[in-house]
Amino acid sequence: MKRNKYLKTVGDIKDRGKIKWTALMLPEHVEMIREWYEKDEKVPKPDLNEYDLQLLQEEMDIALKRQCEVLIHSWKDGVIHEHRGMIEGIDARSRMLIYGDQAEKHRLPMDEVVSIVTVE
């Protein structure tokens, strides 16, 4: 009977001891697990149809006219970001949404915006 030099018999159970744990913790495996978790946490880009885009445009126009505070959700690289402030303008040439408060202003690409909700 040929015996494997890496297996150690403890009672009726064969155990590989340290070899088992060092093989599981190789840097390549840890890196692959990190990448897998990152891919798993990403959100696919919301597919907005014509009706959704029309509603988004209407909400944007209402918020711009009323100068009320809004909650803007944008999607970038698989992550939904949340922005809060008042819409101060829309730059049609560069397709940017300008929002913020009295202290600071931010610019957000229109293609990243997925929803706008007025805060009351």
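Colleague: What is the accessible surface of the chain, and what share belongs to carbon and sulfur atoms?
Modeller: The accessible surface comes to about 9,800 Å². Carbon and sulfur atoms account for 54% of that. Keep in mind that this is a predicted model.

Colleague: How many of the residues are buried?
Modeller: Buried residues make up 22% of the 120 in the chain. The cut-off for buried is under 20% relative accessible area.

Colleague: Which elements does the chain have?
Modeller: Three helices and seven strands. Along the sequence they run β-β-α-α-α-β-β-β-β-β.

Colleague: How do you know that the span of helix α2 agrees with its residue count?
Modeller: Helix α2 covers residues 27-41, which is 15 residues.

Colleague: What makes Tyr37 partly exposed?
Modeller: Tyr37, in helix α2, has a relative accessible area of 48%. Buried is under 20% and exposed is over 50%. The 48% of Tyr37 falls in between, so Tyr37 is partly exposed. Tyr37 also forms a nonpolar surface patch with Ile33 and Trp36. Together the three have about 370 Å² of accessible area.

Colleague: Why is the pair Glu69 and Arg84 called a salt bridge?
Modeller: The cut-off is a side-chain nitrogen of Lys or Arg within 4 Å of a carboxyl oxygen of Asp or Glu. The closest N and O atoms of Glu69 and Arg84 are 2.7 Å apart, so the pair qualifies. Glu69 lies in strand β3 and Arg84 in strand β4, so the pair ties together parts that are 15 residues apart in sequence.

Colleague: What makes Arg107 and Asp91 a salt bridge?
Modeller: Their N to O distance is 3.3 Å, and the limit is 4 Å, so they count. Arg107 lies in strand β6 and Asp91 in strand β4, so this pair links parts 16 residues apart in sequence. Asp91 is also in contact with Met96. A polar atom of the Asp91 side chain lies 3.4 Å from the backbone nitrogen of Arg93.

Note on methods: Residues numbered from 1 in each chain as written. Predicted model: local features only at pLDDT ≥ 70, side-chain atom pairs only at ≥ 80, totals over all residues. Heavy atoms only, no water. Helix = DSSP H or I, 4+ residues; strand = E, 2+ residues; numbered from the N terminus. Expected span 1.5 Å × (residues − 1). Patch = residues over 30% accessible without salt bridge, like charges linked within 9 Å, V, L, I, M, F, W, Y side chains within 5 Å. Areas by Shrake-Rupley, 256 points an atom, 1.4 Å probe, with all protein chains shown as cover. Buried < 20%, exposed > 50% of the residue type's maximum accessible area, 1.4 Å probe, protein only. Polar contact = N/O pair within 3.5 Å; in protein donor to acceptor, adjacent residues only side chain to side chain. Contact = heavy atoms within 4.5 Å. Lists of a residue's contacts leave out its neighbours within four places in sequence.
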